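I opened my notebook for a first look at this structure. Here is what I looked up, entry by entry.

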Amino acid sequence: MQDMRAQLEKLRVEAEERELISKLATDAAKKALLAKLATHHRALADEVERAMIDSK
């Protein structure tokens, strides 16, 4: 369970970092890609969180 919590935290941090970088990016393609990656990392974090809840 500790591993899942660590992975969850890592995914949430990565999502926040990508969102921040996306907001700072000047290239439209990079901005869109980073925003998409942030969304993807949030979805993965949500899945990990659901798995943790289901395993209790």
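This is a predicted model: local features need pLDDT of at least 70, side-chain atom pairs count only at pLDDT 80 or more; totals for chains, interfaces and linings use all residues.

**Entry 1: a polar contact**

Which side chain does Glu14 join through a polar contact? I found that the partner is His41, with a polar contact of 3.1 Å between the two side chains. A polar contact here is a pair of N or O atoms within 3.5 Å; within protein, one must be able to donate a hydrogen and the other to accept it, and residues adjacent in sequence count only if both atoms are side-chain atoms.

Residues are numbered from 1 along each chain as its sequence is written, and side-chain values use heavy atoms, with hydrogens and water left out.

I placed His41 in helix α2, residues 28-54. Helices are DSSP runs of H or I with at least four residues, numbered from the N terminus. Is His41 buried or exposed? His41 counts as buried because its relative accessible area is 11%. The cut-offs are under 20% for buried and over 50% for exposed, with partly exposed in between (1.4 Å probe, protein chains only).

Leaving out residues up to four places away in sequence, I listed what His41 touches: Leu11, Glu14, Ala15 and Arg18. Contact means heavy atoms within 4.5 Å.

Glu14 sits in helix α1. I saw that Glu14 is buried yet has no salt bridge, and that Lys10, the nearest side chain of opposite charge, is 4.0 Å away. For charge, Lys and Arg count as positive and Asp and Glu as negative; His and the chain ends are not counted.

**Entry 2: salt bridges**

How many salt bridges does the structure hold? I have five in my notes. A salt bridge is a side-chain nitrogen of Lys or Arg within 4 Å of a carboxyl oxygen of Asp or Glu. Side chains of opposite charge can pair when their charged atoms come close.

I started with Glu16 and Arg42, whose closest N and O atoms are 3.0 Å apart in a salt bridge. This pair links distant parts of the chain, with Glu16 in helix α1 (residues 2-24) and Arg42 in helix α2, 26 residues apart. Glu16 counts as partly exposed because its relative accessibility is 47%; Arg42 is also partly exposed, at 27%.

Next I looked at Glu19 and Lys23, which meet in a salt bridge at 3.6 Å, N to O. They are four residues apart in helix α1, so about one helical turn separates them. Glu19 is partly exposed at 26% relative accessible area, whereas Lys23 is exposed at 58%.

Glu19 has another salt bridge, with Arg42, at 2.4 Å, N to O. That pair too links distant parts of the chain, Glu19 in α1 and Arg42 in α2, 23 residues apart. Through shared partners, salt bridges join Glu16, Glu19, Lys23 and Arg42 into one network.

I checked the span of each helix from its first C-alpha to its last. α1 has 23 residues and reaches 33 Å, close to the 33 Å expected at 1.5 Å a residue. α2 has 27 residues and reaches 39 Å, close to the expected 39 Å. The expected span is 1.5 Å times one less than the number of residues.

Which residues of α1 are buried? I wrote down Leu8, Leu11, Glu14, Ala15 and Ser22, and these buried residues pack against α2. In α2, the buried residues are Leu34, Ala38, His41, Ala45, Val48 and Met52, and their cover includes α1.

I also looked at Leu37, which lies in α2 and is partly exposed, at 30% relative accessibility. Its C-alpha atom is separated by 9.4 Å from that of Ser22, 15 residues apart along the chain.

**Entry 3: the nonpolar core**

Which residues make up the largest nonpolar core? I listed five: Leu8, Leu11, Ala45, Val48 and Met52. α1 and α2 each supply at least two residues of this core, and the largest share, three residues, comes from α2. A nonpolar core is a set of buried Ala, Val, Leu, Ile, Met, Phe, Trp, Tyr and Cys residues joined through side-chain atoms within 4.5 Å.
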